[in-house]
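Visitor: I would like to learn how to read aromatic rings in a protein model. Please take me through it.

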Amino acid sequence: MSGSAGVPFLDLAAVHLDLRDDLDVAWKEVLGHGRFIGGPEVAAFEAEFAAHCEVGHGIGVGNGTDALELIMAGLGIGQGDEVIVPTNTFVATVEAVRAVGARPRFVDVRPDTLLVDPAAVAAAITPRTAAIMAVHLFGQMADVDALGRLARSHGVALVEDAAQAHGARYMGRRPGGWGAAAAFSFYPGKNLGALGDGGAVVSDDAQLIERIRLLADHGRSATDRYAHEVSGRNSRLDTLQAAALRVKLKRLDRMNEERVALVERYRRNLPSWAVPVAEDPAAEPVYHLAVVQVPDRLTVTAALDAAGIGWGLHYPVPCHRQPAFAEFADGPLPVAEAAAERILSLPLSPTMAPEQVDLVCEVLHGVPIE
Ligand SMILES: *Cc1c(COP(=O)(O)O)cnc(C)c1O
């Protein structure tokens with residue numbers, strides 16, 4: 001443990017300590033063959049990651065934001081279309097919608113899970129709706145059962161933003177097969193993180209994945225590398241990142257189990273005024289983040305700061321209140337707006353010691369809130 005006082009919000013160096021030997025082997029292999037773009041590790045990782053998601057197909061891309069944008073583009077979503085997005089998400093979900101020229105329609109979240117509220121989605125569907133974005137925030141999947149039924153009955157696409165939910169399940173099934181496709185990010189801090197940027201799209205729709213493969217590699221024909229069928233772009237997963245991700249994918253389930261155990265420990269030991277986000281009984285979360293709702297957050301964070309305990313806010317400004325997207329706000333979204341004042345992410349790393357959870361809880365118990 002690095003230093004007895006304080007607890008880092010996320011300790012990525014510790015996460016990689018155990019993996020060093022395997023990573024060294026993996027990266028030397030890539031140096032040996034020199035195929036830094038499109039090397040054999042990329043296809044191997046795509047197949048292994050799709051298998052982990054229990055869906056038919058996967059493609060590695062540059063990052064999670066690109067994964068979302070490429071799904072939008074691959075589905076032919078663009079100008080004149082609307083995409084329903086929960087306002088409580090990282091801005092990337094919305095950027096992907098804007099990048100293809102579509103209009104985000106912000107909806108509110110459920111007060112217990114802080115995930116997209118299917119009733120709000122139903123109320124926001126219009127003749128222009130092209131897709132519903134299910135965002136699986138904090139490691140817990142949104143109600144994809146209800147959202148999938150809504151999408152099918154209205155003939156619109158369901159797209160999953162699974163950037164925080166590698167390995168999570170809903171009704172026993174992982175992201176990717178509930179709708180058109182799921183987007184993943186391998187940003188280093190995510191449950192499955194690369195040693196830099198990376199992302200993936202997984203889907204049971206082979207044609208959609210092929211279309212995305214074309215778009216992500218300059219519109220290049222699968223059969224003739226000098227033929228460019230459409231004006232695409234460049235968004236590929238580097239071979240080195242794929243090699244590292246193959247090593248880390250093997251440990252993902254175990255690391256997720258560690259996260260779940262740590263969050264259970266938080267639940268047992270937190271003061272009653274720090275209320276963890278609820279678990280949907282149909283969900284099996286993998287806890288990307290340990291989020292609680294607290295009163296008087298400034299007092300709480302001051303106490304954490306004084307004790308050298310890291311913390312974060314995911315997210316303090318709902319997307320419809322961000323200057324970047326204010327023009328698309330249709331009115332107040334009271335649940336997300338109220339939660340934004342109360343949410344607090346506590347330290348969580350798969351390598352965190354149980355005693356570190358206890359220390360955070362002890363500091364919280366000392367905060368003068370009744
Ligand atoms: C991290 C994240 C993204 C974006 O992923 P990048 O790889 O950073 O582009 C998208 N959506 C959510 C919910 C995220 O947490």
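Visitor: Which residues do ring pairs link into a cluster?

Guide: First, the ground rules. This is a predicted model, where local features need pLDDT of at least 70, side-chain atom pairs count only at pLDDT 80 or more, and totals for chains, interfaces and linings use all residues. Residues are numbered from 1 along each chain as its sequence is written, and side-chain values use heavy atoms, leaving out hydrogens and water. Now the cluster: ring pairs join Phe45, Phe49, Phe184 and Phe186.

Visitor: How many aromatic pairs does the structure hold?

Guide: Rings of Phe, Tyr and Trp (its six-membered ring) pair if their centres lie within 6.5 Å; planes under 30 degrees apart are stacked, over 60 edge-to-face, the rest tilted. The structure holds seven such pairs. Take Phe45 and Phe49: their ring centres are 5.5 Å apart and their planes at 20°, so this pair is stacked. Both residues lie in helix α3 (residues 40-53), four residues apart, about one turn of the helix. Helices here are DSSP runs (H or I, at least four residues), and strands are E runs of at least two, numbered from the N terminus.

Visitor: Is Phe45 buried or exposed?

Guide: Buried means under 20% relative accessible area, exposed over 50%, partly exposed in between (1.4 Å probe, protein chains only). Phe45 is buried, at 1%. Phe49 is buried too, at 2%.

Visitor: What is the geometry of Phe45 and Phe186?

Guide: Their ring centres lie 5.4 Å apart with planes at 80°, so the pair is edge-to-face. Phe186 sits in the loop between β7 (181-185) and β8 (199-203), so the pair ties together parts 141 residues apart in sequence. Phe186 is buried, at 0% relative accessible area.
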